[in-house]
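We will go from the overall picture to a few local details.

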Amino acid sequence: MRYFSVLLFRGTLFLQRLKRVSISKEQLKLYAVAGSESLKEGVKLADAVEQAVKGGATIVQLREKHRSEEEIIDMAKGLIPVCHRYNVPLIINDSIRIAYKAGADGVHLGLTDGDIIYARRVLGENAIIGATAHNLHEAQAAWAAGADYLGCGAVFGSSTKKNTVPLSVEELNRICTQISVPVVAIGGINAENAMKLKGSGIDGIAVVSALFSQNDIQLAAAALRDILDKMEI
C-alpha cells in the first residue's frame with residue numbers, strides 16, 4: 001500500500017510539472033554563484049554580476065554567509081533589475097524568507113536550509129526552487145518533494161566551503177540518468193577541470209571563484225560558455 005501511495009504521489013507530481021515549468025535546462029547552463037567575499041578589492045557586486053551575465057552566465061545565485069538578513073535583502077533588490085535586464089533569474093541561497101522579502105525568482109536550499117514543499121507554498125508555483133544533493137538518495141528525495149533542479153557536488157572539492165561531501169562522476173551520472181529534473185554540478189569547477197564532466201549527463205555547472213575571483217569576469221564567463229559548448233551542454 002505504501003509503495004502504491006508513493007507511485008501515486010510521484011504521478012501527481014509529474015502531472016503538475018507538465019503544467020508548470022519554472023526553469024529550463026538552458027537557463028541552468030552556466031550557474032553563477034555570487035557573493036561579495038569572492039570579489040577582488042574595489043569590485044562592486046552588481047557590476048560583477050552584470051559582467052558575468054554579459055559574458056554568458058544564465059542564472060545567478062546570491063550567496064552571502066556573513067551578512068544580516070536586511071543587508072542581503074538590499075543586495076538582492078539591487079541585483080534583480082541587473083539580472084532581469086538580461087532575462088536571467090536571481091536565486092537566493094538558503095533562505096526562503098529572504099527570497100520572499102526580496103522578491104527574488106527563487107531559492108536554493110541545502111539539506112538543512114528548509115523544506116521544499118514549504119518553500120513552494122510560500123514562494124508560489126512559478127518560483128524556482130533548487131535543492132542540494134550529494135548522492136542519488138538525496139536527489140530522489142529532493143525530486144519527490146518538488147525541486148525544480150538539483151545542485152550536485154562537490155565534484156572537485158570546494159574553495160568556498162569546508163567539510164564538503166565528495167561526489168564521484170559515476171554517482172553524478174547515476175543521478176542524471178535516474179532523476180527527471182535538470183542537474184547542475186558544483187564544487188571546485190573551473191576552466192581547467194570542467195571538461196572532466198563531459199558525458200556525465202549534467203545540464204550545467206555552478207561556479208564561484210572561476211568567475212568572481214577573476215580579473216576579467218566577463219571574459220571568464222565567455223570562456224566557460226565556450227567549454228560548455230564543447231561539452232555539448
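## The overall picture

The protein has 233 residues, and 51% of them count as buried. Please keep in mind that this is a predicted model. Its secondary structure comes to 9 helices and 8 strands. Looking at contacts between residues at least 6 apart in sequence, 63% join residues that are at least 24 apart.

## Helices H2 and H3

Let us turn to a pair of helices. Two packed helices are described by the angle between their axes and the distance between the axes. Here, helix H2 covers residues 45-55 and helix H3 covers residues 69-85; they pack at an angle of about 25 degrees, with their axes 10 Å apart. Because angles under 35 degrees count as roughly parallel, H2 is roughly parallel to H3. The crossing of the two helices, H2 and H3, is right-handed.

Which residues meet where H2 and H3 come into contact? On the H2 side they are Leu45, Ala46, Val49 and Glu50, and on the H3 side Met75, Leu79, Val82, Cys83 and Arg85. By type, the residues of this contact divide into 7 nonpolar and 2 charged, with no polar ones.

How many disulfides does a search of the whole structure find? The count is 0.

## Backbone details worth a look

Most residues other than glycine have a negative phi, and most peptide bonds are trans. A cis peptide bond joins Gly153 and Ala154, with omega at about 5 degrees. Ala154 sits in the loop between strand E6 (149-152) and helix H7 (169-178).

Two residues other than glycine with a positive phi are Asn87, where phi is near 60 degrees, and Asp94, where phi is near 75 degrees. Asn87 lies in the loop between H3 and strand E3 (90-93), and at 69% relative accessibility Asn87 counts as exposed. Asp94 is placed in the loop between E3 and helix H4 (96-102). With 23% relative accessibility, Asp94 counts as partly exposed.

## A buried lysine

Where is Lys29 found? Lys29 is in the loop between helix H1 (2-19) and strand E1 (30-34). Its relative accessible area is 11%, so Lys29 is buried.

What is Lys29 in contact with, leaving aside its neighbours within four places in sequence? The list runs through Thr58, Asp203, Gly204, Ile205, Arg225, Leu228, Asp229 and Ile233. If you have the model open, displaying Lys29 together with these contact residues shows its surroundings.

Conventions. Residues are numbered from 1 along each chain as its sequence is written. This is a predicted model: local features need pLDDT of at least 70, side-chain atom pairs count only at pLDDT 80 or more; totals for chains, interfaces and linings use all residues. Side-chain values use heavy atoms; hydrogens and water are left out. A disulfide is a pair of cysteine sulfur atoms within 2.5 Å. Axes are lines fitted to C-alpha atoms, for helices over the stretch in contact, and angles run from 0 to 180 degrees between N-to-C directions. Helices (H or I, at least four residues) and strands (E, at least two) are DSSP runs, numbered from the N terminus. Angles under 35 degrees count as roughly parallel, over 145 as roughly antiparallel, 65 to 115 as roughly perpendicular and the rest as oblique. A crossing is left-handed if the near helix is turned anticlockwise from the far one by less than a right angle, and right-handed if clockwise. Contact means heavy atoms within 4.5 Å. Ala, Val, Leu, Ile, Met, Phe, Trp, Tyr, Cys and Pro count as nonpolar, Asp, Glu, Lys and Arg as charged, and the others, Gly among them, as polar. Buried means under 20% relative accessible area, exposed over 50%, partly exposed in between (1.4 Å probe, protein chains only).
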